[in-house]
Amino acid sequence: MTRVSAIMPERGLADRLSTLFWRRPKLLLLLLISPPLIWLGVVYLGSLAALLLQSFYSIDEFSGVVKEEFTLKTYGELFRAANMDIIIRTLLMSAAVTITSAFVAFPIAYYAARYARGRWKAVFYLGIMLPLWSSYLVKVYAWKLILAKEGIITWAAEGIGAGFLLDAVLSLPWVGGNSLSTSFIGTWLVFVYVWMPFMILPMQASLERVPLSMLEASADLGASRKQTFRTVVLPLAMPGVIAGSIFTFSLTMGDYIIPQIVGTSARFIGQAVYQFQGTAGNIPLAAAFAMVPILIMLVYLALAKRGGAFDAL
């Protein structure tokens, strides 16, 4: 009787690696996440560390040379009246944009979560995402033309006999101007338009998680629609509102293009960082200004986490 022995082909490198990763899945996970972690650590966290370090330097007022000596002098300059105006102006604009976006976005998100189905749901997502696909600069310059004194808003207001109302709005102190394109109102409108999708989507995702049975139970217990909204819908949707506010608030604080194109000559934090590190060459002060939004958002994120906002992301 002849014995036949099977001859297995020699295992290649790919087979050995496959066996190794199958036996040690944690090793495979480590290899997969190492490149993005290294990129995050070197490029992002490394640049933030360099930014933080430079914010503790100062600049010689006579020679303009950066003195690489640890000091809090640069942070002290942030408390000057002109610099505090920039910080307060940015915070007020960020808060105004966030609050307005929340009020405008809520009914849109509620309709999409409760009533839009099938094809209309796809239309909703397409309508929200479509503005994000166009160029950021194109949108801003388009709004500058819309808000200009010769723009469509002024033309429409005069056409319906409401030009005096527009003039009354533009005559308001602190927020008005010669036209909407050169006023804080115009800046606020463009900010709201550009960042609105970042408020609608988290809010809509949060509202979709509100069980319909809870609304029915509230109605069965005799609650009116207003009571149901105030005691059931709004508390359960609040994580989505907070999640959306993270985007709108932080993006408004750091933006420097919109205030540069639309609005007055008053600066925001983003413009101050751009001008101090570029035209003025005061890198320490630019770094100190850049740390302000970071510190504010760290506090804001800590409060948002306690409010369960990350559950809606």
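**Figure 1. Residues 122-143 and 27-53 in the predicted model.** Over residues 122-143 of this predicted model, the chain is 91% helix and 0% strand, with end C-alpha atoms 27 Å apart. Residues 27-53 are 100% helix and 0% strand, and their end C-alpha atoms lie 35 Å apart. Helices (H or I, at least four residues) and strands (E, at least two) are DSSP runs, numbered from the N terminus. An unreviewed UniProt entry annotates residues 27-53, 86-110, 122-143, 228-249 and 283-303 as "transmembrane region"; such annotations may be inferred rather than shown by experiment, and the positions follow the numbering used here. Residues are numbered from 1 along each chain as its sequence is written. Local features need pLDDT of at least 70, side-chain atom pairs count only at pLDDT 80 or more, and totals for chains, interfaces and linings use all residues, while side-chain values use heavy atoms, without hydrogens and water.

**Figure 2. Aromatic pairs of F56.** Rings of Phe, Tyr and Trp (its six-membered ring) pair if their centres lie within 6.5 Å; planes under 30 degrees apart count as stacked, over 60 as edge-to-face and the rest as tilted. This rule gives 15 aromatic pairs. One of them, F56 with F70, is stacked, at 4.9 Å centre to centre and 20° between the planes. F56 lies in the loop between helix 2 (25-55) and strand 1 (58-59), and F70 in the loop between strand 2 (66-67) and helix 3 (73-77), so the pair ties together parts that are 14 residues apart in sequence. F56 also forms a tilted pair with Y75, at 5.3 Å centre to centre and 50° between the planes. This pair links F56 to Y75 in helix 3, 19 residues apart. F56 and Y75 are buried, whereas F70 is exposed, with a relative accessible area of 67%. Buried means under 20% relative accessible area, exposed over 50% and partly exposed in between (1.4 Å probe, protein chains only).

**Figure 3. An aromatic cluster.** Ring pairs join F106, Y110, Y111, Y115 and F229 into a cluster.

**Figure 4. Helix 13 and its cover.** Helix 13 spans residues 269-277, and its buried residues are I269, G270, Q271, A272 and F276. Their cover includes helix 4 (81-114), helix 11 (225-254), helix 12 (257-261) and helix 14 (283-306), where contact means heavy atoms within 4.5 Å. Across the protein chain, buried residues make up 36% of the 313 residues.
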